[in-house]
Amino acid sequence: DNACKICQDSGGTVAMPDVIVDADTGQTCDSMALEAAFISEETLGYSCGYYHQFGNMCGCSNVPPAEVSCGAMCDDGTAVPNPNDTASDGRLCSVVEAEYLYNPYEVACDAGQISYDGLLCGCSNKPPEGVCGALCGPDTDVVPEPDKVVLNYATCSELNDVATWDSVSNCQVYDLYSALCGCENVEMPPPETTCQTLCQD
């Protein structure tokens, strides 16, 4: 039997069948358990951990797979204090927490993003090692023009938050935002690497 199960240690029944596990669709534990019983990893296209991540909401005693888990969202390893708040992608903290723990898609773990989502969900987190850092440098977490919208993309305050917790990007991408947001002493790139000015002359 290659079918997935919502509980790692049972035949597919759940102790809390009426709990809603997907706020967008209204899917309940009972419905997801039934769905899992007809799905294998081969047809799913990724790990049965997709179903296991919802199991503990349904009364299962599932254990995250250590070999792929991205770990807890809180620096101290505890569960998020505010599971019903929303993380950076707009989903419930409880759902995002489970996805990080079980990592069913086996994606690379972004420590900065995980820690930032933890902060939004009530954890007392600090930026991990290797992040780009605040736009105006390590000595301040504010920008001179926080409400300015940059390149029709985001406000300086939002970009500052992203940079502070970004552990995967080439940090040079934030130099332009630093300059546009009014930071002082921004290091300009070498002239030979840029278009320099709008006017040819």
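Is Cys-70 buried or exposed? In this predicted model, Cys-70 is buried, its relative accessible area being 17%, and that value falls under the 20% below which a residue counts as buried.

**The chain as a whole**

The secondary structure of the chain consists of seven helices and four strands, and read from the N terminus these elements follow the order β-β-α-α-α-α-α-β-β-α-α. The radius of gyration is 22 Å, well over the 17 Å that the globule rule gives for 201 residues, so the chain is more spread out than a compact globule. Along its principal axes, the C-alpha trace spans about 75 × 35 × 30 Å.

Of the 201 residues, 34% count as buried, while the chain exposes about 12,100 Å², of which carbon and sulfur atoms supply 51%. When contacts between residues at least 6 apart in sequence are considered, 62% of them join residues at least 24 apart. The charged side chains comprise 4 positive and 32 negative ones, and the centres of these two sets lie 2 Å apart.

**Disulfides**

| Pair | S to S distance | Torsion about the S-S bond |
|---|---|---|
| Cys-132 and Cys-171 | 2.1 Å | about -85 degrees |
| Cys-136 and Cys-183 | 1.9 Å | -80 degrees |

Cys-70 lies in the loop between α3 (49–55) and α4 (93–102), and Cys-109 in the loop between α4 and α5 (111–120), so the pair ties together parts that are 39 residues apart in sequence.

The disulfide of Cys-132 and Cys-171 is left-handed, with a torsion of about -85 degrees. This pair links distant parts of the chain, since Cys-132 sits in the loop between α5 and β3 (149–150) and Cys-171 in the loop between α6 (156–165) and α7 (173–180), 39 residues apart. Both cysteines are partly exposed, Cys-132 at a relative accessible area of 22% and Cys-171 at 34%.

The link of Cys-136 and Cys-183 is also left-handed, and it joins distant parts of the chain, with Cys-136 in the loop between α5 and β3 and Cys-183 in the segment after α7, 47 residues apart. Cys-136, at 24% relative accessibility, counts as partly exposed, whereas Cys-183, at 10%, counts as buried.

Conventions
Residues are numbered from 1 along each chain as its sequence is written. This is a predicted model: local features need pLDDT of at least 70, side-chain atom pairs count only at pLDDT 80 or more; totals for chains, interfaces and linings use all residues. Side-chain values use heavy atoms; hydrogens and water are left out. Helices (H or I, at least four residues) and strands (E, at least two) are DSSP runs, numbered from the N terminus. The radius of gyration is taken over C-alpha atoms; the globule rule is 2.2 Å times the number of residues to the power 0.38. Buried means under 20% relative accessible area, exposed over 50%, partly exposed in between (1.4 Å probe, protein chains only). Contact means heavy atoms within 4.5 Å. Accessible areas come from the Shrake-Rupley method with a 1.4 Å probe; for residues, only the protein chains shown count as cover. Lys and Arg count as positive and Asp and Glu as negative; His and the chain ends are not counted. The place of a charge is taken as NZ of Lys, CZ of Arg, CG of Asp or CD of Glu. A disulfide is a pair of cysteine sulfur atoms within 2.5 Å.
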